[in-house]
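The sequence and the structure come first, and the description follows.

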Amino acid sequence: MKYKIDFDPTLYRKGAGNDFIKAEATLDGDWICHFFDVPMDRYYSDYSYQREIRAEAEQYVIKTTGLDIVGKPVFDTGVVLNASLFGGEPVYHSNSTPVLKPVIAEPGDVGALEKRIDALSDEALIYEGNLHRRYWEAAHCLNREEGRPLSAPAATGTKGIATICGQLCGVSDFLLWIMTDPAEMKALTWLVGRTLKRYIRACRSHDGKEDANRFSFASDLTGLMSPQSYGEFCAVPEKELYETFAPSGTRYYHSDSNMRYHMGKLKEIGVTDVNIGPMISVREILNEMPAVKIHGQVPPVKVLWQGTADLVVDAVRQDIEDVKEAGADLRNLKVCTAGSINPGTPLENIRALYWAAMEFGRQTGPVSPVLQGIPVEFDRKGLVNQVS
């Protein structure tokens with residue numbers, strides 16, 4: 001090995017954000033199901049079983065790494081909770097996360113959906129649909145048993161408009177219909193936008209977070225649209241949501257897909273923080289958006305999952321060097337993957353990610369000359385492809 005990785009989680013917790021930049025890695029249901037070899041359909045549909053498996057995973061990961069990095073959702077429904085308020089029953093599979101049965105079979109169905117959703121009160125939206133009812137059952141269970149506050153599902157972030165539309169129509173159909181039936185799809189994107197505004201407002205009112213001044217979108221499907229289509233169908237209602245819920249605060253945008261050609265539009269709608277596809281380097285992002293805060297850009301597949309611990313460290317070092325060469329503030333980089341952590345990702349690679357942030361992302365004191373002298377061997381273009 002190139003590096004002697006001796007990660008001390010106590011020292012990390014003590015110095016993160018002060019002595020060195022922060023790292024972040026959250027293990028979600030996909031990783032847990034793969035690691036413990038449990039069927040995803042049972043995990044995502046059986047709340048009691050999910051709690052049992054998550055508790056076991058949390059104990060194991062803390063014991064193995066010293067890091068409390070297993071996510072703590074109220075009820076892990078995969079990626080379809082927000083869209084489920086529009087209707088559509090969840091469909092479960094043993095080897096994949098849940099999807100929604102589309103509620104729009106053809107573009108002409110949008111009008112009826114508008115009438116049904118617009119007739120609901122704002123408060124009713126956070127209880128609408130099968131998954132929201134189950135979410136609240138879980139929330140009340142956690143409140144009774146652990147004293148966890150009854151938090152609403154979307155006070156500070158939702159799936160993006162393109163992603164929700166893809167879940168309502170089916171991804172291929174939505175991408176086709178924005179070309180063949182643009183009037184109906186524009187009506188759909190605006191329906192989703194104004195409904196999200198009411199939904200989020202109701203969530204904030206429930207939680208007492210009316211002045212949170214931060215908001216996030218997670219929208220992998222955005223990168224599958226052309227910049228022109230994104231600008232025409234989704235950017236304007238997403239900008240309106242940012243201006244409503246983060247008028248002067250954090251505006252975060254996540255997408256696993258290649259967002260290279262969308263960065264201009266993200267800048268236009270006021271995005272302050274990004275976590276976008278691993279095909280794009282930190283240097284490229286800063287060239288387009290010099291003031292943005294970057295969460296990434298370690299490739300989750302080719303590096304953190306399939307790579308060696310040495311490669312993980314080199315990828316982190318390259319991100320850090322890109323920030324320094326751009327003359328940006330190193331605190332504007334959070335060391336993490338450009339996308340979620342894949343099933344099968346080894347914990348030793350995650351430890352390497354945190355160790356690299358400590359050793360090479362120093363804000364007080366120089367990097368060890370011995371470590372600084374080790375050459376960086378990381379070629380993003382040669383390593384990462386479109387599906388990474």
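Leu188 is in contact with Ile104, Val110, Leu113, Cys165, Leu168 and Cys169, when its neighbours within four places in sequence are left aside. The model is a predicted one. Leu188 and Ile350 touch the most other members of the largest nonpolar core, which has 122 residues. Helix H16 supplies the largest share of this core, 10 residues.

**Aromatic pairs and charges over rings**

A pair of aromatic rings is described by the distance of the centres and the angle of the planes. With centres within 6.5 Å as the cut-off for a pair, the count comes to 19 aromatic pairs. Two of them are listed here.

| Pair | Centre to centre | Angle between planes | Class |
|---|---|---|---|
| Phe7 and Tyr354 | 6.1 Å | 55 degrees | tilted |
| Phe217 and Tyr253 | 6.0 Å | 50 degrees | tilted |

The pair of Phe7 and Tyr354 links distant parts of the chain, 347 residues apart. Phe7 lies in the segment before helix H1 (9-15), while Tyr354 belongs to helix H16 (residues 347-360). Phe7 counts as buried because its relative accessibility is 5%, under the 20% limit. Tyr354 is buried as well, with a relative accessible area of 4%.

Phe217 is in strand E4 (residues 214-218) and Tyr253 is in strand E5 (residues 250-255), so this pair ties together parts that are 36 residues apart in sequence. Both Phe217 and Tyr253 are buried. They also belong to a cluster in which ring pairs link Phe215, Phe217, Tyr242, Phe245 and Tyr253.

Charged side chains lie over rings as well. Arg42 is placed over the face of Tyr49, 3.6 Å from the ring centre. The charged end of Lys186 sits over the ring of Phe233, at 5.7 Å from its centre.

**The sheet**

Strands of a sheet pair through backbone hydrogen bonds, either parallel or antiparallel. Here six strands form an open sheet with parallel pairing, in the order E3-E4-E5-E6-E7-E8. The edges are strand E3 (157-159) and strand E8 (333-334); each has a single partner strand, so one side of each is left without a neighbour in the sheet. Inside the order, strand E6 (residues 273-276) and strand E7 (residues 293-295) run parallel and are joined by two bridges. Val274 has Ile294 in E7 as its bridge partner.

**His132**

His132 is located in helix H7 (residues 130-146). His132 counts as buried because its relative accessibility is 0%. A polar atom of the His132 side chain lies 3.0 Å from the backbone oxygen of Glu128. The side chains of His132 and Tyr199 make a polar contact of 2.8 Å. Apart from neighbours within four places in sequence, His132 is in contact with Leu81, Asn82, Ser84, Leu85, Ile126, Tyr127, Pro153 and Tyr199.

**Glu377**

Is Glu377 buried or exposed? Glu377 is exposed, because its relative accessible area is 51% and the limit is over 50%. Glu377 lies in the loop between helix H17 (369-372) and helix H18 (380-383). Not counting residues up to four places away in sequence, Glu377 touches Lys2, Leu311 and Asp314. With Lys2, the side chain of Glu377 forms a side-chain polar contact of 3.0 Å. Glu377 and Arg13 are 364 residues apart in sequence and 28 Å apart in space, C-alpha to C-alpha.

Notes. Residues numbered from 1 in each chain as written. Predicted model: local features only at pLDDT ≥ 70, side-chain atom pairs only at ≥ 80, totals over all residues. Heavy atoms only, no water. Phe/Tyr/Trp six-rings, centres within 6.5 Å; stacked < 30°, edge-to-face > 60°. Helix = DSSP H or I, 4+ residues; strand = E, 2+ residues; numbered from the N terminus. Buried < 20%, exposed > 50% of the residue type's maximum accessible area, 1.4 Å probe, protein only. Lys NZ or Arg CZ within 6 Å of the ring centre and 35° of its normal. Core = buried A, V, L, I, M, F, W, Y, C linked by side-chain atoms within 4.5 Å. Contact = heavy atoms within 4.5 Å. Pairing = 2+ DSSP bridges. Polar contact = N/O pair within 3.5 Å; in protein donor to acceptor, adjacent residues only side chain to side chain.
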